[in-house]
Structure formats: structure tokens, C-alpha cells
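Keep the 3D view open as we go.

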Amino acid sequence: MKFTRNIDAKVYAECGVVKDRYKYKCVRCGNSNHGLFYTYTDYYGEVTYCLRCVNLGRSDSRTPLRVVEPSRYRELIAYKLSFQLNKEQQYAQERIVDAIKHHHDLMIYAVTGAGKTEITFRGIQFARSLGMNVLFVSPRVDVIREIYLRLTDAFKNARIDLLYGDEKIEADFVFTVSTVHQLYNFRNHYDVIIVDEVDAFPLTKDQLLKTQIDKAKTDSGVIIYLTATPEASLIRKVKKENIVSITRRYHKEPLVMPEVYYTNIKKTLRKKKLPEIFLSRLRESLAPRNRKVFIFVPNIDLLVPMKEVLNKEFEKVETIFSGDPLRKEKIDRMRNGEIDIMITTTILERGVTFKRLDVFVVHGEYFDDTSLIQIAGRAGRKLEDTKGNVYIFTKYNTRGIMKAREKTFQFNKGKVKL
Ligand SMILES: [Zn+2]
């Protein structure tokens with residue numbers, strides 16, 4: 001079911017905020033933190049509303065929550081794939097169908113650029129043919145946007161809902177793409193939930209959001225986790241026999257092994273300069289190879305100083321960070337070729353796919369192996385450009401850098417260690 005403000009919906013008996021002895025509790029998001037409620041008095045008396053989920057519309061102690069009962073119907077939805085699945089992918093695809101059939105969770109542990117989304121298509125089709133409600137969910141807005149485009153492109157005749165922050169395209173919630181936050185509105189609704197980038201912030205940091213996925217799921221529902229960098233705790237939870245690994249990218253070329261350079265960029269930036277090795281790698285990428293570049297920095301303070309120095313030599317340079325109001329526009333501008341170099345925080349480490357992209361990491365000693373694997377995974381993803389370059393500039397070697405290189409090496413040999 002879905003909580004809604006739609007007046008046609010059936011009225012749910014309970015108010016959004018209820019009082020349990022002396023404590024308030026939000027029925028919709030489960031909040032019971034005293035500091036996250038606001039109470040005021042008007043003509044009719046006292047009203048308390050929940051601050052935690054207020055951006056989804058107010059949940060308060062006066063208005064009953066409204067509920068839409070899930071519509072369930074079978075449909076046969078056709079899809080098309082833009083490439084042919086290889087053996088590993090076909091096997092993973094069958095395992096997903098099998099997991100849905102037998103109601104158990106499954107993890108697809110796949111290298112970056114393995115075509116994880118495409119592997120789920122048959123499972124989605126199978127679930128919908130049985131009338132199961134399907135949800136594709138990720139914690140990241142950029143990932144959600146890209147997945148929605150890929151799904152609507154593949155499933156031409158399906159009506160797919162898109163739910164995230166500033167945008168909503170609503171059909172009837174039988175096939176939905178959503179950020180985790182929007183799930184506060186659903187209870188016991190989805191039979192198949194595909195969680196993309198399960199280890200991505202803020203899902204790992206916020207247990208409540210994980211609970212939200214469980215609440216949106218029906219009792220017999222199935223969760224399919226997609227990840228390139230699983231956490232040990234999730235591996236234990238899903239169990240080894242329910243983990244399928246894909247060590248090859250969809251285009252069959254190996255992952256790009258990062259090259260490491262030892263240098264202190266913060267120090268040179270203070271003198272309004274960049275190390276010669278950094279600049280020469282950058283020039284190689286741009287001019288003769290005509291590529292685009294992502295420069296990942298460990299914190300937001302480095303964005304502007306970096307841009308200032310680069311602007312002495314390069315024109316089409318931009319910065320981007322998670323709170324950037326022009327975030328979406330800048331990504332679109334880079335796609336249109338108006339930006340050559342994007343200096344970014346880790347927000348672009350996942351889900352974003354560009355053609356002819358090289359990746360630079362500044363102060364690699366601040367990034368863990370998960371982050372470095374995701375970042376390196378931006379390079380060489382396209383069929384027409386499988387190589388790409390990944391450079392890590394760091395003050396010193398770290399466990400994270402060593403582990404990222406080691407895992408890349410193992411993947412390229414077709415091995416996965418759980
Ligand atoms: Zn709430």
C-alpha cells in the first residue's frame with residue numbers, strides 16, 4: 001500500500017503522528033525522536049507533526065494518513081537489450097528469475113560496467129507476468145535518474161513510476177524506480193525489490209533507511225542486491241550460495257588498473273601550481289586523445305583552488321558537489337561536450353557513465369578501496385572505448401590503494417574472494 005495525499009484514496013484509520021504514552025511516533029517514517037517533532041496550537045487545539053519526513057508532505061497528529069491499496073495485475077512487458085549477454089551474465093539473469101520463483105534474496109556481485117541493470121530485465125519481465133510489483137531502488141539520485149532512462153528505453157511499452165526528490169512521474173506503482181527516501185510512503189507493497197549500489201552512502205550509514213526497504217517489501221517479497229563493492233555484513237546476511245559473481249565487464253575487456261603517482265597536490269596548490277606529472281597526464285588525455293576527465297578530490301575545499309589553477313591552461317573546467325544547485329545541468333553540459341574537465345567530490349563515483357572518460361584521483365590516501373574501485377570503474381565502460389586511464393595521485397601508499405589494485409587484479413583474472 002501507499003500513503004498519499006490523494007483525496008480519492010481510502011482513509012487510513014491512523015493519524016500520521018500518534019502518541020504512545022508520552023512519546024510521539026510517526027506512523028509513516030517510524031520517527032520517535034523527541035527532537036524531530038514540532039507542536040503548535042491553533043483554533044482546534046494542539047497539532048504535532050513529524051519533521052523527519054515533512055518533505056514528503058506533512059504527517060501530523062490530526063490528519064489520518066491516506067492509503068492506496070496496491071493494484072496488482074499481470075502484464076507481459078517486452079524489452080530490448082542493446083548488447084548480447086555473455087555466459088556469466090546469462091547465468092546471473094537465470095539466477096535472478098530463479099530467486100523470484102523460489103522467494104529468496106540474491107546478490108549480484110559484479111565488476112563496475114558489468115551491465116548489472118540489463119541482467120535484471122528478464123527477472124522484471126518474469127515478475128510482472130505473474131502480477132508482482134517491482135521496485136528498482138538506489139540511495140543515489142544520479143543513479144536513479146540514469147536507471148530510469150535505461151529502463152524506459154528498454155521497456156518501451158511499460159509505465160514506470162519515477163520517484164525522487166524534485167521529480168515525480170507517477171503511474172500505478174506496479175513498476176517503480178525510486179530513491180530510498182521515497183519509500184517512507186510504501187508498506188507491504190513490492191514483491192521484488194532490486195537494490196542498486198546497496199553499499200552506497202547513505203544506506204550503509206543509516207539503518208533506518210534499510211528498514212524502509214524491508215517495510216516496502218511484502219512478506220514473501222524478494223530482494224536482489226546489485227553491487228561492485230559489497231560489505232562483509234551483507235555477504236553474511238545473503239549467504240554465499242545466494243551470491244552470483246560477474247568478473248567480466250559486458251564488453252569483455254579487463255578493468256582499468258589504476259596507475260599511482262606520489263606527490264602532494266595540496267602543497268603545490270598553495271603556490272597556485274600543480275605537479276608537472278599531473279599536468280602532463282592531463283594534457284595527454286585532453287589534446288591528443290580528445291578525452292573528457294573527471295578529477296576526484298577528497299573534499300569540497302579543493303574544488304575552487306583546483307579550478308583556478310587549471311583555468312590558467314584549460315578553458316572548459318567545472319566543479320560539482322552534492323549540494324550544487326546546478327548539478328544536473330552540469331552533468332548534461334558535460335554530456336553535450338561543453339565541459340572537458342569536471343572537478344568533483346565523490347558524488348560522481350557511481351552510476352554515471354560517460355564516453356571517452358579518464359579519471360584522476362587527487363590525494364588518493366583519503367579514499368578507501370570501495371571508493372577507489374567505484375571511481376576507477378568510471379573509465380572504459382563503453383563498447384567503443386574500453387580502455388580509459390585511471391591515475392591516482394597520493395602522498396603515500398595506503399591499504400585502500402593496495403586493496404583496490406589487488407581486487408582489480410583478481411577480477412581481471414576471473415577470481416572473486418568473498
Ligand atoms: Zn515522519
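Q: At what angle do the axes of helix α1 and helix α3 cross?
A: First off, remember that this is a predicted model. In it, the axes of α1 (residues 87-102) and α3 (residues 121-129) cross at roughly 30° and come within 8 Å.

Q: What makes α1 roughly parallel to α3?
A: Angles under 35 degrees count as roughly parallel. The axes cross at roughly 30°, so α1 gets called roughly parallel to α3. The crossing is right-handed, too.

Q: Which residues make the contact of α1 and α3?
A: From α1 you have Gln-93, Glu-94, Ile-96, Val-97, Ile-100 and Lys-101, and from α3 there are Arg-122, Gly-123, Phe-126 and Ala-127. Sorted by class, that gives five nonpolar, two polar and three charged residues.

Q: Which residues of α11 and α12 make the contact?
A: On the α11 side it's Asp-369, Leu-372 and Ile-373, while α12 brings in Gly-400, Ile-401, Lys-403, Ala-404 and Lys-407. By class, this contact has four nonpolar, one polar and three charged residues.

Q: How do you know which residues coordinate the zinc ion?
A: Donor atoms have to be within 2.8 Å of the metal. The SG atoms of Cys-26, Cys-29, Cys-50 and Cys-53 sit at 2.3 to 2.4 Å, so they pass the cut-off and count as donors. Along the sequence, these donor residues follow the spacing C-x2-C-x20-C-x2-C.

Q: What makes the arrangement around the zinc ion tetrahedral?
A: For four donors, all angles must lie between 85 and 135 degrees. Here they run from 104 to 113°, so the arrangement is tetrahedral.

Q: Why can we say that Cys-29 and Cys-53 tie together parts that are apart in sequence?
A: Cys-29 is in the loop between β4 and β5, and Cys-53 is in the loop between β6 and β7, so the pair links parts 24 residues apart in sequence.

Q: Where is Asp-172, and which residues does Asp-172 touch?
A: You'll find Asp-172 in the loop between β11 (167-169) and β12 (175-179). Leaving out residues up to four places away in sequence, Asp-172 touches Ser-71, Tyr-73, Arg-159 and Asp-161.

Note on methods:
Residues are numbered from 1 along each chain as its sequence is written. This is a predicted model: local features need pLDDT of at least 70, side-chain atom pairs count only at pLDDT 80 or more; totals for chains, interfaces and linings use all residues. Side-chain values use heavy atoms; hydrogens and water are left out. Contact means heavy atoms within 4.5 Å. Helices (H or I, at least four residues) and strands (E, at least two) are DSSP runs, numbered from the N terminus. Ala, Val, Leu, Ile, Met, Phe, Trp, Tyr, Cys and Pro count as nonpolar, Asp, Glu, Lys and Arg as charged, and the others, Gly among them, as polar. Donors are N, O and S atoms within 2.8 Å of the metal (3.2 Å for Na, K and Ca); water is not among the atoms, so sites may look incomplete. Four donors count as tetrahedral if all angles lie between 85 and 135 degrees; four count as square planar and six as octahedral if opposite donors are over 155 degrees apart and all others between 65 and 115; anything else is irregular. Axes are lines fitted to C-alpha atoms, for helices over the stretch in contact, and angles run from 0 to 180 degrees between N-to-C directions. Angles under 35 degrees count as roughly parallel, over 145 as roughly antiparallel, 65 to 115 as roughly perpendicular and the rest as oblique. A crossing is left-handed if the near helix is turned anticlockwise from the far one by less than a right angle, and right-handed if clockwise.
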